[in-house]
Amino acid sequence: MTQMLIEAGRTERQYWRDLWRYRELFYFLAWRDLLVRYKQTVVGVGWSLIRPLLTMLVLTIVFGKLGKMPSGGRPYPLLVLCGMLPWQFFSTALSESGNSLVANSSLISKVYFPRVVVTVSSIITSFVDFLISAVFLAVLMIWYRYAPPAAVLFLPFFVLLVFGASLGVGLWIAALMVEYRDFRFIVPFVVQFGLYISPVGFQSSVVPGRFRLLYALNPMVGVIDGFRWCLLGTQSSGYWLGLAIAVIDVVVLVVSGIWYFRQTEQTFADVI
Amino acid sequence: MFDAHSTTPAITIENLGKRYTIGHQRARNDGMRHAIEGAIRAPLAWLRSRRHNKLQREDFWALKDVSLQIKQGEVVGVIGRNGAGKSTLLKLLSRITVPTEGRIRIDGRVACLLEVGTGFHQELTGRENIFLNGAILGMTRAEIIRKFDEIVAFSEIEEFLDTPVKRYSSGMYVRLAFAVAAHLEPEILIIDEVLAVGDAAFQTKCLGKMGGFARSGRTVLFVSHSMEAIRSLCQRVVWLTEGRLHRDGEANEIVEAYFNSISNERSFPCTNPDYGLILQKVVLKNARGAESSQFCPGDDLVVEISYDAQKRIEKPIIALGVLGISGSCFASNMLLDGHRPDCLEGVGQISCTFRSIPLLPQSYTVYILIRAANVRDRIIDHQEVAYFSVVGDLAEYGYKGEFLAFARHSTPVVVPYEWRLPDGTTVAVALSRPSLDGGDDISPRVGDRP
């Protein structure tokens with residue numbers, strides 16, 4: 001028979017076991033968000049394609065044609081899309097997960113389940129968009145007859161890295177949002193800002209050498225460079241150091257994110 | 001009293017306490033901007049104000065020193081006024097929030113229903129919501145698939161299964177939501193007030209489902225304001241007041257004591273400032289005109305209302321009713337009989353006499369509802385404005401059953417009736433006093449007739 005002990009101070013000894021028990025809820029909540037998202041829209045799932053397509057066009061025109069940024073001999077749309085793929089995942093995951101707890105406050109104050117399920121599900125939802133965009137990128141690469149180099153085998157690692165970055169930051173913001181709704185205004189701002197300080201519309205090699213290290217502190221720099229390296233074979237100097245910093249960033253974010261989330265999780269229902 | 005496995009505790013609660021800090025939340029509600037801005041403009045003042053805030057924090061114990069043991073197979077009701085800590089107790093048991101002190105041990109799989117339809121999404125269809133809601137309540141996908149047909153059948157919404165629930169009527173919505181919840185198969189079920197919704201027929205069905213659940217030897221903890229539901233489901237009742245365990249015992253006994261207590265602290269005068277009406281008091285009198293709170297079956301009951309109408313109220317519609325532990329018994333209602341006063345103005349009295357009340361010895365409360373002439377506006381709408389109990393030995397009324405103790409839990413209103421038995425004898429029964437009524441021919445007592 002299952003036994004459960006709820007005690008002041010150290011209640012959640014069975015937390016990880018619960019997480020396993022509620023594993024299907026990850027799927028159900030993500031499924032709900034996906035089902036709901038395009039209800040009563042005309043274009044429907046098409047939006048998942050239109051958004052990256054339009055962003056890609058704008059960035060290509062602004063940075064590639066008007067800004068005349070170097071492309072290293074690669075088609076500029078591909079360059080942009082390779083950067084956009086992880087960036088868009090990261091930014092939507094950020095907005096979605098940030099709102100996840102507050103948007104589900106009725107659930108949180110009425111039912112128990114490990115709260116982290118809600119936040120992670122919202123990241124999974126964003127990941128589905130990522131996959132759709134990835135298909136779009138594949139089609140575009142075929143169109144340009146551009147075969148990826150052997151390094152493409154490392155792509156899963158970078159996908160994991162961007163997932164980790166999204167998870168880490170997402171957990172922080174979701175937990176903070178419960179108490180400080182200010183993040184509702186901070187997140188869109190950071191997302192908008194981040195598009196320009198991350199090498200989405202251009203390559204990180206255009207950043208002057210002395211700022212490179214500082215620039216690499218943004219984990220998305222390492223991630224985007226990695227995506228381009230895997231898919232297009234671009235190489236940028238100081239790359240390994242940048243990658244190492246990105247990995248450390250992500251590990252710190254995930255560990256501290258889980259820690260902070262767990263710290264505050266018990267009082268979510270009281271504060272929300 | 002209970003079945004074989006009743007010795008093992010299902011829920012053990014020890015010194016449970018939950019503290020909320022009220023000042024804390026007020027300070028945080030200002031948001032971060034305020035905090036940052038304050039800190040930048042005047043760091044010292046800000047720090048001082050923070051400290052000040054800390055001092056002003058008010059601790060509020062929603063629950064304190066509650067110890068309780070619930071055995072397996074017990075059906076326990078939790079009652080108490082608003083803010084007594086019922087919901088907090090459930091939130092702690094369901095792990096929605098954590099206790100400040102004390103501990104709870106639960107043996108068995110728990111399902112908590114604090115609300116009907118938690119997690120329902122308006123845009124999704126009934127079918128989709130069954131899966132979503134089931135998963136949120138802790139069912140696995142395989143489990144939901146297995147019980148899907150049963151859930152649909154119980155909810156009676158087959159034709160609308162693929163319609164978004166936002167198009168459902170509120171009744172359909174509640175039926176579907178309860179159907180999902182009813183098919184959880186926990187060993188311990190914790191329910192809050194879910195029966196307060198839905199139409200009467202469906203409520204009966206829900207009660208039936210829960211009763212079946214209880215009879216199958218599983219443990220139920222049930223919070224409700226409906227004493228009727230509590231009485232019909234629970235053997236044991238726990239009564240909370242101001243976060244503490246006030247009483248714990250046999251259901252009927254506690255419910256009756258609860259009734260006594262709430263009627264003793266009735267809130268007079270009840271007023272409606274918009275209409276300038278003050279009800280100064282409502283007193284109960286017997287046929288001799290003496291104030292009383294005890295009546296015998298068959299007595300006359302006089303409900304006398306003293307009012308002070310500071311503004312003239314034209315043609316008010318007054319209704320008075322008597323409520324027992326299992327719902328409304330009878331009422332006088334000007335909305336139906338049409339005998340409305342022309343107006344209420346100044347200080348005055350109005351009374352209503354209920355003739356020979358056919359009530360079993362139980363506890364009752366009186367409610368009052370005064371509507372404005374336009375029918376729609378309720379000037380006064382108060383439950384429990386007065387309390388009385390009916391006492392008496394039923395044997396005096398010719399009752400000779402072996403189980404007279406059941407009278408305390410039976411349907412309270414007894415209209416005069418007659419049995420006609422197979423051998424042709426007729427037996428008449430009535431709860432009326434021979435001394436007040438004329439004789440056997442008017443209201444016959446129990447007796448044999450040829």
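Student: What makes β1(A) and strand β4 of chain B a pair?
Tutor: Two strands pair if DSSP finds at least two bridges between them. β1(A) and β4(B) (residues 101–107) share 5 bridges in the antiparallel sense, so they qualify. The strands themselves are DSSP runs (E, at least two residues), as are helices (H or I, at least four), numbered from the N terminus.

Student: And the ground rules?
Tutor: This is a predicted model, where local features need pLDDT of at least 70 and side-chain atom pairs count only at pLDDT 80 or more, while totals for chains, interfaces and linings use all residues. Residues are numbered from 1 along each chain as its sequence is written, and chains are lettered from A and ligands numbered from 1 in the order in which they are written.

Student: How many residues of chain A are in contact with chain B?
Tutor: Contact means C-beta atoms, placed from the backbone, within 7 Å of each other. By that rule, 30 residues of chain A touch 39 residues of chain B. On the chain A side, α2(A) gives the largest share, 6 residues. That side splits into 15 nonpolar, 6 polar and 9 charged residues. Here Ala, Val, Leu, Ile, Met, Phe, Trp, Tyr, Cys and Pro are nonpolar, Asp, Glu, Lys and Arg are charged, and the others, Gly among them, are polar.

Student: Why is α7(A) called mostly covered?
Tutor: A residue is buried if 20 or more other C-beta atoms (placed from the backbone) lie within 10 Å of its own, exposed if 12 or fewer, and partly exposed in between. In α7(A), 20 of the 25 residues are buried. Across chain B, 36% of 450 residues are buried.

Student: What is the reach of helix α7 of chain A set against?
Tutor: The expected span, which is 1.5 Å times one less than the number of residues. For α7(A), residues 155–179, that expectation is 36 Å, and the first-to-last C-alpha distance of 37 Å is close to it.

Student: Why do β12 and β15 of chain B stand at the edges?
Tutor: Chain B has an open, mixed sheet in the order β12-β18-β17-β14-β15. β12(B) and β15(B) each have a single partner strand, so one side of each lacks a neighbour in the sheet. Inside that order, β17(B) and β18(B) run antiparallel, joined by 8 bridges, and B:T365 stands opposite B:Y387 in β18(B).

Notes
Contact = placed C-beta atoms within 7 Å.
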